[in-house]
Amino acid sequence: MSDPWDEFDPSTSARNTLGWAFALGASTLGEAYDMLEQLAISNDIPEVLGHDGTIEEVRAELDVGLELLGPDADLSTLI
C-alpha cells in the first residue's frame, strides 16, 4: 500500500495557498480548505496563486488531499 503523503503532491499555487492559510492561523488541511472563500474575496489572490493558478484548481487539489489525508492533516508537514 502506498503512502498517501506520496500521492498528494500539491502544485505551487496550492502550496502557496496552504502557506497563506497557515500564516493566517490554519493548522490543518481542513482549516486551510475552509479559508478558500476568504482567499477568493481577498486582494491576496495574485500574490498567493500567481498568474496561472485559480481558486477552482486549488480547491480541486485540496479535495484530493482531504480524501487522501483527511481534514486533520497537519499543515506544517505539507508546506
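Biologist: What is the mean pLDDT of the protein chain, and how should I read it?

Modeller: This is a predicted model. pLDDT is the predictor's confidence in each residue, from 0 to 100. Here the protein chain has a mean of 90. A value of 70 or more is reached by 94% of its residues.

Biologist: Which elements have the lowest and the highest mean pLDDT?

Modeller: Helix 1, residues 4–7, has the lowest, at 66. Helix 3, residues 29–34, has the highest, at 97.

Biologist: How many helices and strands does the protein chain have?

Modeller: There are 6 helices and 0 strands. Read from the N terminus, the order is α-α-α-α-α-α.

Biologist: What does the radius of gyration tell me about the protein chain?

Modeller: Compare it with the value for a compact globule. For 79 residues that value is near 12 Å, and the protein chain has 12 Å, so the two agree. A box around the C-alpha atoms, taken along the principal axes, is roughly 40 × 25 × 15 Å.

Biologist: How many of the residues count as buried?

Modeller: Buried means under 20% relative accessible area. Of the 79 residues in the protein chain, 37% count as buried.

Biologist: Which residues have the most contacts inside the largest nonpolar core?

Modeller: They are Leu-18, Leu-29, Leu-62 and Leu-78. The core holds 21 residues.

Biologist: Take Leu-62. Which residues is Leu-62 in contact with, leaving aside neighbours within four places in sequence?

Modeller: Leu-62 is in contact with Phe-8, Leu-18, Leu-29, Tyr-33 and Leu-36. Across the protein chain, consider contacts between residues at least 6 apart in sequence. Of those, 70% join residues at least 24 apart.

Biologist: Where does Tyr-33 lie?

Modeller: Tyr-33 lies in helix 3. Beyond its neighbours within four places in sequence, Tyr-33 is in contact with Arg-59, Leu-62, Asp-63 and Leu-66.

Biologist: What sits over the ring of Tyr-33?

Modeller: The charged end of Arg-59 does, 5.9 Å from the ring centre. The cut-off for that distance is 6 Å. Tyr-33 and Arg-59 are 26 residues apart along the chain, yet their C-alpha atoms are separated by 7.2 Å.

Biologist: How many aromatic pairs does a search of the whole structure find?

Modeller: A pair of aromatic rings is described by the distance of the centres and the angle of the planes. In this structure, the search finds 0 aromatic pairs.

Definitions and conventions
Residues numbered from 1 in each chain as written. Predicted model: local features only at pLDDT ≥ 70, side-chain atom pairs only at ≥ 80, totals over all residues. Heavy atoms only, no water. Phe/Tyr/Trp six-rings, centres within 6.5 Å; stacked < 30°, edge-to-face > 60°. Lys NZ or Arg CZ within 6 Å of the ring centre and 35° of its normal. Helix = DSSP H or I, 4+ residues; strand = E, 2+ residues; numbered from the N terminus. Core = buried A, V, L, I, M, F, W, Y, C linked by side-chain atoms within 4.5 Å. Buried < 20%, exposed > 50% of the residue type's maximum accessible area, 1.4 Å probe, protein only. Contact = heavy atoms within 4.5 Å. Rg over C-alpha atoms; globule rule 2.2 N^0.38 Å.
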